[in-house]
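User: I would like to learn how to read the features of a structure. Could you take me through one?

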Amino acid sequence: MEFHHQPVLLQEVLEALQVREDGVYVDGTAGGGSHSAAIASRLTTGRLIALDRDPDAIKAASQKLAPYPQAQVVRANFDQMDSVLQSLGIDGADGILMDLGVSSHQLDTPERGFSYHNDAPLDMRMSQEGRSAKDLVNGLEADELSRIFFDYGEERYARSIARAIVKARQEAPIETTLQLADIIKYAMPPAARREQGHPARRCFQALRIAVNGELDHLEQGLVHAFSCLKEGGRMAIITFHSLEDRMVKRQFAKWAKGCICPPDFPVCVCGHKPEATLVWRKAVEASPEELEQNPRSRSAKLRAIVKTTTG
Ligand SMILES: C[S@@+](CC[C@H](N)C(=O)[O-])C[C@H]1O[C@@H](n2cnc3c(N)ncnc32)[C@H](O)[C@@H]1O
Ligand SMILES: [Zn+2]
């Protein structure tokens, strides 16, 4: 199997991580291994540990990284990064990358059920285990479905879509991506159906986030990854939607601020020092050249920090 993945914001990631040839690096989202390969090719005595929760990604990344003995691929959720590194006898990382969300391969493989462009069983599980999109769509109450579509997809018609799903499944279970996409589409007012982009886009994103527990894993993953960083170590995160970016932005700001005193305190009494500095004040986005070459970079945002050196 071959992944056709153009690594997003690659030059910017390399600038953020400042890869040292003898350093220890972790790619928490190996995918097709393109970012990983770029890091591994800069190592001599260093090491790269590439994680992914998707067995297909593990195969693809292993193939891509085969020429680099410095690289090791491990199937794991990135929120387990600390225990993975411990089990490998690694006591800290000089750089950590997470390129979040769904890979081109996951999207472009119809059987994985991520896409509303091809008919396929409703699945969407990155790890290929646990509850699928079909289970959620056929099993959750209308209120829960509506909350998912609204909270994770910012879908205006969340309630009517959820009601339409419940009505449709009373006849027969909803089995496929196109069946669901049609129900979503016809639950919207005609004018909304004709707006730019596919009408099922926001609900599909929302379901994917729910099926994969993406925000929970990210919240945990950030904290665990930071705990794995050595002093002076660097962490770079690429997000693809505002919910993820907000989480990364807030967590980075918290580490960079240090002080946890209430905002109305005239002086700091908590004594907490900043734990990190931001590499860029604002998120970095794809250049016009990259946008032209790779439309999937359109919503990508990169943020990076450096862990403070205390000694
Ligand atoms: C955008 S792709 C990464 C592409 C990769 N940077 C490359 O160069 O090919 C995101 C990958 O992260 C994986 N992923 C998402 N959430 C994860 C998590 N919590 N733990 C481990 N892997 C995760 C997905 O399975 C997917 O393969
Ligand atoms: Zn304080």
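**Reading the sites**

Analyst: Along the chain, the donors of the zinc ion (ligand 2) are spaced as C-x1-C-x6-C-x1-C. This is a predicted model, where local features need pLDDT of at least 70 and side-chain atom pairs count only at pLDDT 80 or more, while totals for chains, interfaces and linings use all residues. Residues are numbered from 1 along each chain as its sequence is written, ligands are numbered from 1 in the order in which they are written, and side-chain values use heavy atoms, with hydrogens and water left out.

User: Which protein donors does the zinc ion (ligand 2) have?

Analyst: Donors are N, O and S atoms within 2.8 Å of the metal (3.2 Å for Na, K and Ca); water is not among the atoms, so sites may look incomplete. Here they are the SG atoms of Cys-259, Cys-261, Cys-268 and Cys-270, at 2.3 to 2.5 Å from the zinc ion.

User: Why is the arrangement of the four donor atoms around the zinc ion called tetrahedral?

Analyst: Four donors count as tetrahedral if all angles lie between 85 and 135 degrees. The angles subtended around the zinc ion (ligand 2) are 103 to 116°, so the arrangement is tetrahedral.

User: Which residues come nearest to ligand 1?

Analyst: A residue is near a molecule if one of its heavy atoms lies within 4 Å of it. Of the 24 residues around ligand 1, the nearest are His-35, Asp-52, Phe-78, Asp-99 and Gln-106.

User: Which N or O atoms lie 2.8 Å, 3.2 Å and 2.9 Å from atoms of ligand 1?

Analyst: A polar contact is a pair of N or O atoms within 3.5 Å. A side-chain N or O atom of His-35 is 2.8 Å from a nitrogen atom of ligand 1, and a backbone N or O atom of Arg-53 is 3.2 Å from a nitrogen atom of the ligand. The side chain of Gln-106 has an N or O atom 2.9 Å from an oxygen atom of ligand 1.

How values were computed: Polar contact = N/O pair within 3.5 Å; in protein donor to acceptor, adjacent residues only side chain to side chain. Tetrahedral: all angles 85-135°; square planar, octahedral: opposite > 155°, others 65-115°.
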